[in-house]
2 protein chains.
Amino acid sequence: MELSERKQKILGAVVEQYIKTGEPVGSKALLNALDFSVSSATVRNEMAELVSMGFLEQPHTSAGRIPTNEGYRYYVDHLMVNSTIDESVRRRIEAGIHSAGSDPEKLIEKAGAVLAELTDCAAVSTTPSGEGASIKRIEAVPVGTHTAMIVLLTSTGVLKSKVCRSDTDLSASVIEKFYNVVKTSFIGLPLSSVDTAMMQSLVASLGSDVFTLMPLVTVISDLAQDALRTEIVLGGQSNLLHYSNYYGNSAYELLEFLRRGEPLSKLLSSVSSQDGVEVRIGSENPYRQLMKSSVIVSNYNIDGSKRGSIGIIGPTRIDYAKLIPSVKFLTNLVGEMLTKTFNDE
Amino acid sequence: MELSERKQKILGAVVEQYIKTGEPVGSKALLNALDFSVSSATVRNEMAELVSMGFLEQPHTSAGRIPTNEGYRYYVDHLMVNSTIDESVRRRIEAGIHSAGSDPEKLIEKAGAVLAELTDCAAVSTTPSGEGASIKRIEAVPVGTHTAMIVLLTSTGVLKSKVCRSDTDLSASVIEKFYNVVKTSFIGLPLSSVDTAMMQSLVASLGSDVFTLMPLVTVISDLAQDALRTEIVLGGQSNLLHYSNYYGNSAYELLEFLRRGEPLSKLLSSVSSQDGVEVRIGSENPYRQLMKSSVIVSNYNIDGSKRGSIGIIGPTRIDYAKLIPSVKFLTNLVGEMLTKTFNDE
DNA sequence: GTTAGCACTCTTTAACGGTGAGTGCTAACT
DNA sequence: AGTTAGCACTCACCGTTAAAGAGTGCTAAC
């Protein structure tokens, strides 16, 4: 859809004005914001056309215009100029990220918290996917005579642990056998190959030790699955209450939707693996609960390949021009940090 | 303050009615709920006295009555009969708790989630305090040439870990020295004695190894502090939005208050160490944000001594008679589960 | 001490009219 | 053909008013 230059300027001004004030914007109010001078009648004519093209709408006959989802979309794709990231914002992000320490999951959580606070939106992130990671180390830490804690460390620096209970005494000789099995069958193995087929062939090879070792080995499989799974981390949900006059009483539904997490997970994983930031506006999101919300999300890469995403969720009248660069900056930084941890041997 | 039997019945009926409907209750509506028959005028007279005594109040002159905080207090202390816990409720709690596995922190989180869902309130819990726990085991898991993951296991089954970075090579001999120090100075030590004084005297005794071992040993101290600290776990905050016509737009403030956590921590730790359930109604809580909320909280014991608390937060017109037994039942069950994990060696 | 009766208070709801912002349209202008 | 001034029109918003209804406090009789 082609738009004349003047229509573009008008659409852009309406979007920006509406983002700023939250009020429908009328033809007169626009005149100030425009850098060329025409009469309000001209603007009205143009706006009427923008309405019939589907970029603007009127809440009711005699009100100003507000952007439709398509209006925002056009704005984001063609009109918006990304504002450069504020020095103070940059510092806050950096300070927040660096204070998180080196645990990848903690880092992601912290990143979300910073982003939420900064943008006054809810933040969603996924922990680094274990895809492509392999098992680096497994330890069995005896806790009692019948219990041991199995600790699994992946090549990506993620640590998972679980207590395991056995019917037989976990004597030193059992532990030794366990370590043998671990050394020959697990160390160095990609997480994704610890599947049922692999486990079954392992059982076959264990011989008579199967009964004593099985509980321990099963836990390894659990942990591998666990490390493979990416988790959804939420932050700043209550920020959305700031827009409660926008969300009305559907705020609860939205928060519940976020809390449930599974649909969100799909949403995030469908983000294209491209480098840029992805913006989903209102009904572009395939979930009823997000109809009035926009999602700004970006992937973070570790060693150059996509490993997870971080994004924010807010009302559709979010400040795209300001927030997109923030999300971008943050994900880049997180990627750098994680890459550093990875390669830091 | 003494109340005639009739006043008690009337107060009780008002509280229960108001809890059920959320509407101010008038004299006529009460007649049905009372098991003796008098006229509405008599009830009115009694209610007027209850107002002047401070147990009831009127939102405005010609409305029904609603209980004051003191009214709820009298109800909880003298009038309420705890309803027996529902069979289906019991099953849901048990199912939820048992599905949590044996990690104490996970268990607490799950318990909170179940309670929140069941009561339609927000849940707050504290993880088991490390007070009185000692260091059971410490492992150093090399991750790279300059990094190792230190894992600390307490006598209470809590596992904490942290990655530690050293300037010098973490060769096998360094690790061996580390284990020696651990064995002689840390294993069996109560968490609370790993303080700065202890660390200083340790540094003195390390001699020339101090530079290689110090980073590792410092992490142990961090982990001990970490294990000692109790954490606040929240759940079901968004449930509070169900009462948004009750909370109005102070809902955000309330949620933020919960999210911050520190004040909550004080609140919970001030729960008497007695066995029962503690109820704090409205302004009995020393925080402005909780003025319109009630807290029902109970401690859980491990091996007979108080280790943490679990509770719920909701509007003051919460169903005390039904929820108090639920909280009680849940905390007892959690205590049992944790005690079992503890003693299960 | 209890109750019937009644006037009174105060909220809620709907209806009403005025105001103002903003529009769409038409006719004149460049 | 595009632009603009002018104007009638629409509709949310606001304050007022009126009626309805719920519930009360009080008084006087039981």
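I began with a cut-off: a residue is buried under 20% relative accessible area, exposed over 50% and partly exposed in between. With that in hand, I looked up B:Asp226, and at 26% it counts as partly exposed. Its side chain meets that of B:Arg229 in a salt bridge, 3.3 Å from N to O. A reminder to myself: this is a predicted model.

I found 40 salt bridges over all chains. I picked a few to look at one by one.

Next I turned to B:Lys7 and B:Glu46, a salt bridge with its closest N and O atoms 3.2 Å apart. B:Lys7 belongs to helix α1 (residues 5-21) of chain B and B:Glu46 to helix α3 (residues 40-53) of chain B, so this pair ties together parts 39 residues apart in sequence. Are these two buried or exposed? B:Lys7 is buried at 8% relative accessibility, and B:Glu46 is buried at 7%.

**Entry: helix α6 of chain B**

I checked the length of this helix, residues 104-119. At 1.5 Å a residue, its 16 residues should span 22 Å, and the end C-alpha atoms are 22 Å apart, which agrees. Its buried residues include B:Leu107, B:Ile108, B:Ala111, B:Val114 and B:Leu115. Among the elements of chain B that cover the buried residues are α5 (87-98), β3 (122-126), β9 (293-302) and α13 (320-343). Just after the helix, I saw that B:Asp120 takes a positive phi of about 60 degrees.

**Entry: domains of chain A**

I have three domains here: domain 1 (5-79), domain 2 (87-129 + 230-344) and domain 3 (135-228). How far apart do the C-alpha centres of domain 2 and domain 3 of chain A lie? I get 35 Å. Their contact takes 6 residues from domain 2 of chain A and 5 residues from domain 3 of chain A.

Together these two domains bury about 490 Å², with 47% of it on carbon and sulfur atoms. On the domain 2 side, A:Pro104, A:Glu105 and A:Phe342 lose the most area to domain 3, together 58% of what that side buries. Across this interface I count 2 salt bridges and 1 residue pair in polar contact. I also looked up A:Lys160, which forms a salt bridge with A:Glu231 at 3.8 Å between the closest N and O atoms.

**Entry: where the chains meet**

Chain A and chain B bury about 2,400 Å² between them, and carbon and sulfur atoms give 61% of that. On the chain A side, β4 (135-142), β5 (147-154), β6 (159-165) and α11 (251-260) each supply at least two residues that touch chain B. I count 28 residues of chain A in contact with 28 residues of chain B. The interface has 0 salt bridges and 4 residue pairs in polar contact.

My last stop was B:Ser238, in the loop between β7 and α10 (244-247) of chain B. B:Ser238 is buried at 7% relative accessible area. Leaving aside neighbours within four places in sequence, B:Ser238 is in contact with A:Tyr252, A:Leu255, A:Glu256 and A:Arg259.

Key. Residues are numbered from 1 along each chain as its sequence is written. Chains are lettered from A and ligands numbered from 1 in the order in which they are written. This is a predicted model: local features need pLDDT of at least 70, side-chain atom pairs count only at pLDDT 80 or more; totals for chains, interfaces and linings use all residues. Side-chain values use heavy atoms; hydrogens and water are left out. Helices (H or I, at least four residues) and strands (E, at least two) are DSSP runs, numbered from the N terminus. The expected span of a helix is 1.5 Å times one less than its number of residues. Buried means under 20% relative accessible area, exposed over 50%, partly exposed in between (1.4 Å probe, protein chains only). Contact means heavy atoms within 4.5 Å. Domain bounds come from an automatic or database domain assignment. Buried area is the accessible area (1.4 Å probe) that two parts lose on being put together, summed over both. A salt bridge is a side-chain nitrogen of Lys or Arg within 4 Å of a carboxyl oxygen of Asp or Glu. A polar contact is a pair of N or O atoms within 3.5 Å; within protein, one must be able to donate a hydrogen and the other to accept it, and residues adjacent in sequence count only if both atoms are side-chain atoms.
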